[in-house]
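Here is a walk through one protein chain, from single side chains out to the spaces between them. Have the viewer open as you read.

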Amino acid sequence: VTKTEKGMEITKGLFNKINLGLIASRIQTTTVSTNRFKKALGLYQLAFTQAMVNKKQRQKFNIIALSYDQIHELLDKFYPQIASDNQKHKPHNYYIYRATFLSVIPLVIINIGLAFLPTSYLFLNIPIVLFIGFSIYFSYKKKYYSIDDKYITVGGGGLIDLTTSYLEISKIQAVSIRQTIFQKRRQLASVKIFSASKSLTIPQIYLATANDINNYLLYKVESEDKDWM
């Protein structure tokens with residue numbers, strides 16, 4: 001990876017070398033990802049999405065095996081003045097209830113199959129339930145969103161993986177508030193934020209908060225004269 005005046009250049013390949021030019025103005029979203037094992041080794045992955053790049057080409061803009069310092073050096077280049085101490089907002093507890101309900105369905109299907117086997121096979125439920133429980137817990141624990149004057153940060157992950165996605169507000173193409181019938185009863189909603197290449201979702205927040213986010217982001221996009229690419 002070589003930094004250039006307009007962005008950076010990525011060189012890949014062993015026998016067939018590929019040179020990719022990453023232009024800062026065309027970057028839409030940036031995602032930092034790792035997992036428990038890689039984090040223990042100090043390894044991270046950086047994935048960029050660019051405008052006018054198809055899904056197959058998008059995979060080529062992944063940079064693997066970066067150190068913590070290298071990650072933040074590149075983030076500082078493309079997202080200057082991003083505050084690391086911004087307040088992190090969590091989704092509503094309904095996120096846990098919904099994930100638990102959706103996990104019960106495959107568990108019931110598994111137990112229907114186990115019912116035709118010897119009773120001892122029912123003990124398989126113990127590791128399955130523990131896996132589901134820990135997955136939901138860590139998924140909720142890692143889920144958050146943060147919004148400041150320039151950027152949106154959305155965190156997520158599961159039992160093992162951890163992801164953090166960044167999007168510059170001026171590059172937003174559209175904002176959508178989505179509400180299911182179950183969310184409507186609890187005055188909850190999810191906000192989907194679209195860029196030219198990828199969308200970010202803020203799940204399970206109060207409807208009033210979702211409307212505030214929608215109005216704020218649309219106001220920022222319409223009031224700024226910065227180009228989206």
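In which strand is Gln50 found? Gln50 sits in strand β5, residues 44-50; helices here are DSSP runs of H or I with at least four residues, strands are runs of E with at least two, and both are numbered from the N terminus. Before going on, note that this is a predicted model, where local features need pLDDT of at least 70, side-chain atom pairs count only at pLDDT 80 or more, and totals for chains, interfaces and linings use all residues. Residues are numbered from 1 along each chain as its sequence is written, and side-chain values use heavy atoms, with hydrogens and water left out.

Why does Gln50 count as buried? Its relative accessibility is 4%, and buried means under 20% relative accessible area, with exposed over 50% and partly exposed in between (1.4 Å probe, protein chains only). Leaving out residues up to four places away in sequence, Gln50 touches Gly21, Leu22, Ile23, Arg26, Ile27, Gln28, Phe61 and Ser197; contact means heavy atoms within 4.5 Å. Asn62 is twelve residues from Gln50 along the chain, and their C-alpha atoms are separated by 12 Å.

Thr31 has its place in strand β4, residues 27-35. Thr31 counts as buried because its relative accessibility is 10%. Its side chain makes a polar contact of 3.0 Å with the side chain of Ser165. A polar contact is a pair of N or O atoms within 3.5 Å; within protein, one must be able to donate a hydrogen and the other to accept it, and residues adjacent in sequence count only if both atoms are side-chain atoms. Setting aside neighbours within four places in sequence, Thr31 is in contact with Gln45, Leu46, Ala47, Thr163, Thr164, Ser165 and Lys198.

Now look at helix α5, residues 125-142, which holds Ser135. Buried or exposed? Ser135 is buried, at 19% relative accessible area. A polar atom of its side chain lies 2.7 Å from the backbone oxygen of Phe131. Ser135 and Thr49 are 86 residues apart along the chain, with 28 Å between their C-alpha atoms.

## The two largest pockets

The largest pocket has a volume of about 640 Å³. To find pockets, a 1 Å grid is laid over the protein atoms alone: a pocket is an open set of points with protein on both sides within 12 Å along at least five of seven lines, a cavity is a set where a 1.4 Å probe fits but cannot get out, and lining residues have an atom within 4 Å of a point. Grid points are joined across faces, edges and corners, and a volume is the space filled by probe spheres set on the points. The lining has 24 residues, with His72, Lys88, Tyr144, Thr164 and Tyr166 nearest the centre. α3 gives the largest share, five residues. Sorted by class, there are ten nonpolar, ten polar and four charged residues; Ala, Val, Leu, Ile, Met, Phe, Trp, Tyr, Cys and Pro count as nonpolar, Asp, Glu, Lys and Arg as charged, and the others, Gly among them, as polar.

The second largest pocket comes to about 510 Å³. Its lining of 21 residues has Tyr94, Arg98, Thr180, Gln183 and Gln204 nearest the centre. Which element gives the most to this lining? That is α4, with seven residues.

## A cavity and a hairpin

β12 supplies the largest share, three residues.

β12 also pairs with β11, in the antiparallel sense over six bridges; two strands pair if DSSP finds at least two bridges between them. These strands form a hairpin with four residues between them, and Leu188 stands opposite Tyr206 in β12.

## The whole chain

Overall, the chain has seven helices and twelve strands. Of its 229 residues, 37% count as buried.
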